[in-house]
4 protein chains.
Amino acid sequence: MSDVKHSPLPSTTATGKASSSPHQSLILTLSCPDRSGIVHSVTGWLASRSFDIRDSAQYGDPDTGRFFMRVHANGPKGRVVDLNGLRGEFERDVGGKMGMEFEIHDEGRKGKVMLMVSKIGHCIHDLLYRHSVGTLPVSIPCIVSNHTTFATLAAQHGIPFHHLPIDGQHTKEWQEEQILQLIEEHDIDLVVLARYMQILSPKLCEVMRGKMINIHHSFLPSFKGAKPYHQAHQRGVKLIGATAHLVTSDLDEGNIIQQDVERVSHSDSPSDLVKKGSEIETRVLARAVTWFAEHRVLVNGNKTVVFD
Amino acid sequence: MSDVKHSPLPSTTATGKASSSPHQSLILTLSCPDRSGIVHSVTGWLASRSFDIRDSAQYGDPDTGRFFMRVHANGPKGRVVDLNGLRGEFERDVGGKMGMEFEIHDEGRKGKVMLMVSKIGHCIHDLLYRHSVGTLPVSIPCIVSNHTTFATLAAQHGIPFHHLPIDGQHTKEWQEEQILQLIEEHDIDLVVLARYMQILSPKLCEVMRGKMINIHHSFLPSFKGAKPYHQAHQRGVKLIGATAHLVTSDLDEGNIIQQDVERVSHSDSPSDLVKKGSEIETRVLARAVTWFAEHRVLVNGNKTVVFD
Amino acid sequence: MSDVKHSPLPSTTATGKASSSPHQSLILTLSCPDRSGIVHSVTGWLASRSFDIRDSAQYGDPDTGRFFMRVHANGPKGRVVDLNGLRGEFERDVGGKMGMEFEIHDEGRKGKVMLMVSKIGHCIHDLLYRHSVGTLPVSIPCIVSNHTTFATLAAQHGIPFHHLPIDGQHTKEWQEEQILQLIEEHDIDLVVLARYMQILSPKLCEVMRGKMINIHHSFLPSFKGAKPYHQAHQRGVKLIGATAHLVTSDLDEGNIIQQDVERVSHSDSPSDLVKKGSEIETRVLARAVTWFAEHRVLVNGNKTVVFD
Amino acid sequence: MSDVKHSPLPSTTATGKASSSPHQSLILTLSCPDRSGIVHSVTGWLASRSFDIRDSAQYGDPDTGRFFMRVHANGPKGRVVDLNGLRGEFERDVGGKMGMEFEIHDEGRKGKVMLMVSKIGHCIHDLLYRHSVGTLPVSIPCIVSNHTTFATLAAQHGIPFHHLPIDGQHTKEWQEEQILQLIEEHDIDLVVLARYMQILSPKLCEVMRGKMINIHHSFLPSFKGAKPYHQAHQRGVKLIGATAHLVTSDLDEGNIIQQDVERVSHSDSPSDLVKKGSEIETRVLARAVTWFAEHRVLVNGNKTVVFD
């Protein structure tokens with residue numbers, strides 16, 4: 001999930017994936033100003049290195065004139081790829097000439113996810129369950145919380161749990177410093193706010209820009225702010241929803257990745273909405289994290305391109 | 001669809017329904033302050049007149065302390081009911097004592113609907129088609145438009161079309177006066193704004209309060225106001241929706257009756273959203289009109305109770 | 001969840017519910033031959049004992065001439081009800097005369113559910129999670145499995161786990177005898193087959209008739225039998241589904257309680273379908289168990305009436 | 001919609017599209033045995049002719065070893081393309097060498113659709129409405145029916161209506177001969193059975209293989225054959241559906257293109273299911289026809305690949 005331009009990964013030539021599979025596969029994502037010949041340049045360059053395209057998707061935004069692409073390609077049988085070398089060559093041969101922002105990922109390398117949570121547990125339970133049965137394609141080196149509610153759950157999953165409270169003894173500055181250290185120490189690719197109920201500082205938002213997903217418990221842009229299910233109940237809506245979005249310093253205005261809704265009725269109390277909503281949140285967040293981990297989410301201004 | 005308190009209907013004892021069916025059926029809807037014994041009083045009163053309950057639904061709102069009920073009951077075989085008499089007796093025996101607002105309808109009498117439309121046709125086409133094949137349980141004595149776009153369509157369906165423009169020669173006051181005359185002349189139970197693009201005066205809203213449905217082309221309360229699909233495109237949402245609501249003088253704040261959504265993607269242009277959205281609008285409006293016609297929609301403050 | 005006619009419950013007058021709440025609430029469900037006056041008789045009888053109806057629903061099946069009803073009613077403030085006494089009086093006053101099969105439940109008493117599972121865990125994980133946070137309104141006195149896969153999970157939830165294998169040393173007869181003993185010992189109201197991969201004997205099906213729910217991993221009646229997702233992949237369907245149904249001795253032909261589907265595409269492999277399907281199964285089963293626990297599921301021949 | 005191998009189209013160089021738009025766009029679809037280098041060969045060939053790829057999608061079926069691709073590309077500004085020439089060159093340069101079945105279409109040319117219908121009208125009404133407002137991207141040169149029910153509707157839309165009954169005076173052989181003549185005369189690309197209630201002969205199925213879409217009123221493979229909604233009612237399912245599929249001589253076994261479902265309840269009668277189902281059929285068929293017209297549906301054995 002790292003971007004070659006900012007945080008070059010250590011070579012992944014020694015992954016188990018490469019040795020156990022006949023092919024090493026990579027995923028290339030890019031965006032650049034739209035023009036003729038992009039697809040041909042990219043596919044030609046891949047062919048020249050004997051990569052065989054398994055899947056590709058592209059989108060040109062007519063409003064912004066920006067072009068987006070995701071390619072999934074197999075390398076030649078048995079050969080292990082030097083990803084950093086490949087990134088340099090692609091920059092030299094194609095990316096640089098076309099003004100591309102691009103990333104090249106080893107498909108077999110799982111992104112490293114830090115989960116953050118407060119006291120409401122449906123999302124973290126669900127993500128950890130999926131992780132435990134292998135259907136969430138990430139590794140989870142640590143869980144951070146401002147409460148101790150889920151320390152036992154973390155232990156049951158064998159994942160280090162960091163209790164970082166904000167209270168009389170601990171300032172928010174101190175807490176976020178610990179978080180940043182953990183991000184660096186574990187080489188975190190993605191932070192997931194799985195019902196984390198503290199507002200993050202603009203600094204932390206900036207450091208993890210494009211790499212932090214929040215689940216908001218309403219169908220944005222409806223019912224921003226606090227207690228959205230109560231707002232929804234007040235307004236008498238007939239569907240409630242949840243939204244997974246990238247975190248920006250502008251609260252609840254981040255790039256939307258995924259949304260879903262469920263039908264409700266006049267007889268649903270606010271607590272019924274909370275209950276129904278928690279199921280929507282759970283699946284919306286899991287879907288967004290999975291897409292991110294598979295490098296399907298590209299940023300396009302205040303929006304996302306999702307190649308699902 | 002008329003309320004007995006404000007606009008007593010002419011006796012419906014001569015409907016074809018009553019003669020062709022072994023039973024005459026009625027639908028009773030009511031709301032009142034919640035207290036013990038309401039259901040028993042109502043069912044007892046119906047039993048005392050030999051009405052047999054086929055279907056009933058109720059809801060007590062814990063926030064407002066108000067109770068809502070809808071009962072569908074068969075009269076005795078072969079007997080034709082004097083509805084006005086029945087209303088008076090129910091008021092005397094039950095409704096008056098419990099502070100009820102109630103309506104009693106002959107199930108076999110179709111509500112009279114005035115359609116209003118401007119230049120966008122998917123909703124009116126759909127409603128007229130459903131009407132023509134008998135799946136929209138209403139009669140449509142007239143269509144009103146500020147344009148002539150659908151005059152031919154109305155003629156094909158044999159429905160009088162009234163072109164009531166607002167232009168250099170015709171003021172809005174004049175136009176709404178014509179509308180009110182048509183409503184009175186045809187004893188209209190419900191006005192449906194099937195993509196009618198003029199804002200109605202507070203006076204007209206007040207006269208038809210609780211009896212006028214609009215289709216808004218967004219998932220309210222998101223994207224109020226003009227060009228909601230363009231707003232949705234700007235925000236990058238992943239679902240778009242439509243909302244059918246009762247019209248109040250506070251634009252886009254009326255009581256929501258029905259909502260639905262469809263999935264969209266980054267590659268959908270505003271015009272794609274308009275196209276997808278028109279299918280949602282069509283089915284949401286048809287559903288809302290059907291529920292209204294079946295006396296399933298009760299007003300609860302700024303919300304609705306829908307006994308579907 | 002017990003039927004008064006077959007298995008009278010011990011008096012529940014001492015439940016915490018009754019003392020902590022101002023009202024004791026009960027749920028009455030019944031079915032009988034359709035005729036005039038049923039609703040009035042039932043509501044009148046409840047009123048005569050000072051029960052106030054909060055919610056009721058009914059359905060008359062025109063094909064079978066059978067009538068179904070579910071009533072949720074509050075008892076008088078502060079009074080604790082003798083449910084067994086009440087059942088006898090209702091039988092004497094109403095049920096007997098109208099040929100009713102009926103049940104009267106204390107709303108505050110949680111049904112006792114035995115979970116059965118083999119080696120696939122998404123359903124049991126989900127049910128236990130919902131149980132642990134209080135959103136599945138049942139108690140779970142024991143878990144039974146023919147494998148040991150989920151012994152640790154059961155222990156984490158503090159629920160006794162019974163490993164009842166069928167192997168060289170243990171016959172199916174022996175195993176089902178243990179199951180029947182557990183059902184009796186724990187006064188089980190409902191057995192949930194949460195991906196239990198053994199066919200049960202007709203005897204066990206008969207004993208738990210109407211009280212055993214299975215989750216089938218297809219949209220029945222499509223793809224009965226083994227490996228339904230592979231069958232679905234072969235056929236090239238564009239939606240896959242799951243079905244929760246009551247277990248009868250006729251495999252996959254039991255009364256359907258709930259179904260749901262998800263969209264799939266040509267690019268989904270059988271294992272993708274298994275993954276997507278497991279999410280459908282999870283929510284369909286949880287919904288069916290919840291409805292059953294709330295006494296919303298009534299048997300109507302080979303079908304169900306669900307008052308949701 | 002024609003396949004270059006069987007029915008070369010007349011040159012489309014004179015379409016209005018080419019002259020009114022700065023680019024002429026084409027859509028290339030292909031399938032062939034999977035191997036390395038397909039994407040690169042195709043994109044390279046397009047680039048060599050100055051076609052710029054706007055959109056492409058591909059899929060390799062691991063079960064059958066077959067590869068599928070759809071490319072949407074813009075030609076150079078102002079140039080009008082000789083499609084037949086282009087097909088020959090592609091066959092010579094790429095298609096022949098890789099064993100491809102391929103088609104090259106002018107995006108601006110609307111496919112020619114023959115509608116067939118009997119006496120049930122929701123699908124034909126919907127398709128004609130979409131056609132009339134320009135949201136169904138096809139032309140409709142003729143409507144065929146074994147009844148006269150929709151003669152007036154056809155006339156209102158200005159489309160020739162051919163009444164081809166099968167009765168005492170007219171054999172099925174005669175009727176199908178007329179159909180085949182109309183297909184040839186109008187150069188029909190697609191036949192749509194919009195609730196046409198006659199079984200077609202194997203001969204007609206064969207002639208229009210891959211070019212004839214039927215709407216079946218069930219969620220196939222459930223409830224094949226007659227009266228599927230009645231079958232669904234009997235079984236007590238909780239969702240009903242509809243299926244659009246390519247017609248093969250093996251009834252109800254054709255390649256599925258699109259399916260959808262709606263929730264139903266115990267209280268829905270068979271006629272309620274028919275009513276709800278007709279809305280599903282309508283949108284499923286419209287979607288399938290649109291996808292076909294946009295060359296998004298490729299045949300893969302008894303399945304379809306749909307690049308939506």
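This briefing walks through chain interfaces, helix packing and backbone details. The model is a predicted one, so please read every value below as computed from it. Two interfaces come up: chain A with chain B, burying about 2900 Å², and chain B with chain D, burying about 1100 Å². Within chain D, helix H9 (residues 270–293) packs with helix H8 (residues 228–235) and also with helix H4 (residues 122–133).

**Chain A with chain B**

- The contact draws 32 residues from chain A and 32 residues from chain B.
- Of the roughly 2900 Å² buried between these two chains, 51% is on carbon and sulfur atoms.
- On the chain A side, the residues that lose the most area to chain B are Arg235(A), Lys238(A) and His266(A), and together they account for 26% of what that side buries.
- The rule finds 4 salt bridges across this interface.
- A salt bridge links the side chains of Arg235(B) and Glu253(A), at 3.6 Å from N to O.

**Chain B with chain D**

- Here 9 residues of chain B touch 9 residues of chain D.
- Carbon and sulfur atoms give 48% of the buried area of about 1100 Å².
- Across the interface of chain B and chain D, the rule finds 2 salt bridges.
- The side chains of Arg130(B) and Glu279(D) meet in a salt bridge, with an N to O distance of 2.4 Å.

**H8 against H9 in chain D**

- H8(D) and H9(D) pack at an angle of about 125°, and their axes are 9 Å apart.
- The crossing of H8(D) past H9(D) is right-handed.
- From H8(D), the residues in contact are Tyr229(D), His230(D), Ala232(D) and His233(D); from H9(D) they are Pro270(D), Leu273(D), Val274(D), Gly277(D), Ser278(D) and Glu281(D).
- Sorted by class, this contact has 5 nonpolar, 4 polar and 1 charged residues.

**H4 against H9 in chain D**

- H4(D) and H9(D) pack at about 45°, with their axes 9 Å apart.
- The two helices are therefore oblique to each other.
- H4(D) and H9(D) make a right-handed crossing.
- H4(D) brings His122(D), Cys123(D), Asp126(D), Leu127(D) and Arg130(D) to this contact, where they meet Ser278(D), Glu281(D), Thr282(D), Arg283(D), Leu285(D) and Ala286(D) of H9(D).
- By class, the contact of H4(D) with H9(D) has 4 nonpolar, 3 polar and 4 charged residues.

**Backbone details to check in the viewer**

- In chain A, the peptide bond from Leu220(A) to Pro221(A) is cis, with omega near 5°.
- Pro221(A) sits in the loop between strand S9 (212–216) and helix H8 (228–235) of chain A.
- In chain B, Leu220(B) and Pro221(B) are joined by a cis peptide bond, with omega of about 10°.
- The loop that holds Pro221(B) runs between strand S9 (212–216) and helix H8 (228–235) of chain B.
- Ser50(A) is not a glycine, yet it has a positive phi of about 65°.
- Look for Ser50(A) in the loop between helix H2 (38–48) and strand S2 (52–61) of chain A.

Conventions. Residues are numbered from 1 along each chain as its sequence is written. Chains are lettered from A and ligands numbered from 1 in the order in which they are written. This is a predicted model: local features need pLDDT of at least 70, side-chain atom pairs count only at pLDDT 80 or more; totals for chains, interfaces and linings use all residues. Side-chain values use heavy atoms; hydrogens and water are left out. Axes are lines fitted to C-alpha atoms, for helices over the stretch in contact, and angles run from 0 to 180 degrees between N-to-C directions. Helices (H or I, at least four residues) and strands (E, at least two) are DSSP runs, numbered from the N terminus. A crossing is left-handed if the near helix is turned anticlockwise from the far one by less than a right angle, and right-handed if clockwise. Contact means heavy atoms within 4.5 Å. Ala, Val, Leu, Ile, Met, Phe, Trp, Tyr, Cys and Pro count as nonpolar, Asp, Glu, Lys and Arg as charged, and the others, Gly among them, as polar. Buried area is the accessible area (1.4 Å probe) that two parts lose on being put together, summed over both. Angles under 35 degrees count as roughly parallel, over 145 as roughly antiparallel, 65 to 115 as roughly perpendicular and the rest as oblique.
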